[in-house]
Every structure is written in structure tokens, then in C-alpha cells.
Amino acid sequence: DPSALARFWAAVLDQPILYEDTDEVLVGADLQAYPGLCFLPVSDEKVVKNRLHIDLAPDDADAELDRLIALGATLVDIGQGDVTWTVLADPEGNEFCLLQPKSSLTG
């Protein structure tokens, strides 16, 4: 359901839905800003790990975890063991991670 999934990610990223029709929904900061997310219907069931993986690094990981779960994310165990991040899935089972706050992309 591209529309429902786009609405979830629009809320997660606090970005608007820029375009929507029955076969395509775009989420992004604005039409001239990259990156944006494009959601399309797919008839196949998800059977393998995502090829694209989103990591979120908020200022307050605990508060963000509560917010993401309230939006419809679920906790996922993919065998990650004892790590500093939390693995979640969006409403259609696509995994993403919630990291501890970072001062840069590398640390």
C-alpha cells in the first residue's frame, strides 16, 4: 500500500507528501530537494533483507523510539545481538535502525 507506507515515512521524517496518485507517492522536503522517497506498488511479498537501509540518528533515541512505535513501527530481531542501535520495521516489514545520537555521519 504505497499511500499508507508513504504516510508512515512522511510522519517519521516530518516531510510532506509531494505527489500522490494510485500508483506513486512521493515524500520529500520539496520538489527541488533531494533525496526524496518514492513509493510504488509491488505485487511480490518481501522475502529477503532490504537492499536499501535507512538509519535514523535523533537527538533523543528513547523519545524517538516511543514516537516511531506510536506511528506503527515494530521492534525487530534480525539476530543483531547486543548492539547500541534498535532495529525496527515499518508497517510493511521493511527494516530500519534507530541509532544513538551522533555528532557527524561517522561518529
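I began with the second largest pocket, whose volume is about 150 Å³. The model is predicted: local features need pLDDT of at least 70, side-chain atom pairs count only at pLDDT 80 or more, and totals for chains, interfaces and linings use all residues. Residues are numbered from 1 along each chain as its sequence is written, and side-chain values use heavy atoms, with hydrogens and water left out.

A pocket here is an open set of points on a 1 Å grid over the protein atoms alone, where a 1.4 Å probe fits, with protein on both sides within 12 Å along at least five of seven lines; lining residues have an atom within 4 Å of a point. Volume is the space filled by probe spheres set on the points, joined across faces, edges and corners.

I listed the lining of the second largest pocket: Leu13, Gln15, Pro35, Gly36, Leu37, Ile54 and Leu56. By class, five are nonpolar, two polar and none charged. Gly counts as polar and Pro as nonpolar.

Next I took the largest pocket, at about 940 Å³. It has 27 lining residues; Leu5, Val42, Asn50, Asp90 and Asn94 are the closest to its centre.

Then I checked the sheet. It is open, with three strands in the order β1-β2-β3 and antiparallel pairing. Strands are DSSP runs of E, at least two residues, numbered from the N terminus; two pair if DSSP finds at least two bridges between them. β1 (17-21) and β3 (37-39) are the edge strands. β2 (residues 24-27) joins β3 over three bridges. Valine 25 stands opposite phenylalanine 39.

Technical notes. Helices (H or I, at least four residues) and strands (E, at least two) are DSSP runs, numbered from the N terminus.
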